[in-house]
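Trainee: I have a model open and would like to learn how to read it. Could we go through it feature by feature?

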Amino acid sequence: MKKAITYLGLITILFMVTGCVSSHLNDDEDLIEDTDPEGNGSDGSLTAKVDGVSFTAASNKVEAKKNVFASGDMSFSVTAKNKDLNKFTLIVSNYKGVGSYDAETNSLSYHVNGDDRPHTATKLKSSGVITITSDDGTTVKGTFSFTGTHQTTKKEKVITEGAFTVKPQVKKV
């Protein structure tokens, strides 16, 4: 009898823990709009030229997010990888919608797969800009260009003709 009560107690605890974990995993109260329910990357595209060579992101490797903070401020980011897993990361830290955002207060980087550090536009050396040309609340379109400096070697990569169209996931943080 004592053994049966022990097993029953263990089973009860197991159900309680499983219920809490599964409830937490399904907690989307902070998600305002899930435009990527399968987690395959947002609908979108990103193209650019890196030192004159075309870069086209793989269709399932473009992710975009708008984070809405308690203060009402927002950030916007796009991450995109091509078939070689080279990656662009564009971050607007104080997003206000349509307009231009420079490298001085935002982040533009290009990372070659397998390299230890990205080529980044910084306010100290390189120049760069992200321009949001439209944001209808669902789809964000924009352009970008920058000269990225490798953090270790100090070699530069020139990024031109950057363009993206994305449907960002919007989340309260």
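Trainee: Let me start with one residue. Where is threonine 139 found?

Mentor: This is a predicted model, and in it threonine 139 sits in the loop between E10 and E11.

Trainee: Is threonine 139 buried or exposed?

Mentor: Threonine 139 has a relative accessible area of 13%. Buried means under 20%, so threonine 139 is buried. Not counting residues up to four places away in sequence, threonine 139 touches Ser134, Thr165, Val166 and Lys167.

Trainee: What pattern does the chain follow along the sequence?

Mentor: The pattern reads α-β-β-β-β-β-β-β-β-β-β-β-β-β. That is one helix and 13 strands.

Trainee: How much of the chain counts as buried?

Mentor: Of the 173 residues, 33% count as buried. The accessible surface comes to about 10500 Å², and 54% of that surface belongs to carbon and sulfur atoms. As for contacts between residues at least 6 apart in sequence, 54% join residues at least 24 apart.

Trainee: How should I read a nonpolar core?

Mentor: In soluble globular proteins, nonpolar side chains tend to be buried together. Here the largest nonpolar core has 27 residues. Leu46, Phe76, Phe88, Phe144 and Phe164 are those with the most contacts inside this core.

Trainee: Which strands each supply at least two residues of this core?

Mentor: Strand E2 (44-50), strand E4 (62-68), strand E5 (74-81) and strand E6 (87-92) are among them. Strand E8 (107-111), strand E10 (128-135), strand E11 (140-150) and strand E12 (156-166) also each supply at least two.

Trainee: Next, aromatic rings. What describes a pair?

Mentor: A pair of aromatic rings is described by the distance of the centres and the angle of the planes. The structure holds nine aromatic pairs. In the pair of phenylalanine 55 and tyrosine 110, the ring centres are 6.1 Å apart and the planes are at 85°, so the pair is edge-to-face. Phenylalanine 55 lies in strand E3 and tyrosine 110 in strand E8, so this pair ties together parts 55 residues apart in sequence.

Trainee: Are these two residues buried or exposed?

Mentor: Phenylalanine 55 counts as buried at 2% relative accessibility, and tyrosine 110 is buried with a relative accessible area of 5%.

Trainee: What is the geometry of phenylalanine 88 and phenylalanine 146?

Mentor: Their ring centres are 6.3 Å apart and their planes are at 90°, so this pair is edge-to-face. The pair links distant parts of the chain, with phenylalanine 88 in strand E6 and phenylalanine 146 in strand E11, 58 residues apart. Both residues are buried.

Trainee: Which residues do ring pairs link into a cluster?

Mentor: Phe55, Phe76, Phe88, Tyr95, Tyr101, Tyr110, Phe144, Phe146 and Phe164 are linked into a cluster by ring pairs.

Trainee: How should I read charged pairs?

Mentor: Side chains of opposite charge can pair when their charged atoms come close. A search of the whole structure finds four salt bridges. One of them joins lysine 66 and aspartate 135, with the closest N and O atoms 2.8 Å apart. Lysine 66 lies in strand E4 and aspartate 135 in strand E10, so the pair ties together parts 69 residues apart in sequence. Lysine 66 counts as buried at 7% relative accessibility, while aspartate 135 counts as partly exposed at 24%.

Trainee: How far apart are the closest N and O atoms of aspartate 51 and lysine 157?

Mentor: In that salt bridge they are 3.8 Å apart. Aspartate 51 is in the loop between E2 and strand E3 (53-56) and lysine 157 is in strand E12, 106 residues apart. Aspartate 51 is partly exposed, with a relative accessible area of 42%.

Trainee: Finally, where does pLDDT stay under 50?

Mentor: It stays under 50 over residues 3-41, for which the model has 26 contacts beyond four places in sequence. The mean pLDDT of the chain is 79, and 73% of the residues reach 70 or more.

Key:
Residues are numbered from 1 along each chain as its sequence is written. This is a predicted model: local features need pLDDT of at least 70, side-chain atom pairs count only at pLDDT 80 or more; totals for chains, interfaces and linings use all residues. Side-chain values use heavy atoms; hydrogens and water are left out. A nonpolar core is a set of buried Ala, Val, Leu, Ile, Met, Phe, Trp, Tyr and Cys residues joined through side-chain atoms within 4.5 Å. Buried means under 20% relative accessible area, exposed over 50%, partly exposed in between (1.4 Å probe, protein chains only). Helices (H or I, at least four residues) and strands (E, at least two) are DSSP runs, numbered from the N terminus. Contact means heavy atoms within 4.5 Å. A salt bridge is a side-chain nitrogen of Lys or Arg within 4 Å of a carboxyl oxygen of Asp or Glu. Rings of Phe, Tyr and Trp (its six-membered ring) pair if their centres lie within 6.5 Å; planes under 30 degrees apart count as stacked, over 60 as edge-to-face and the rest as tilted. Accessible areas come from the Shrake-Rupley method with a 1.4 Å probe; for residues, only the protein chains shown count as cover. pLDDT is the predictor's confidence in each residue, from 0 to 100.
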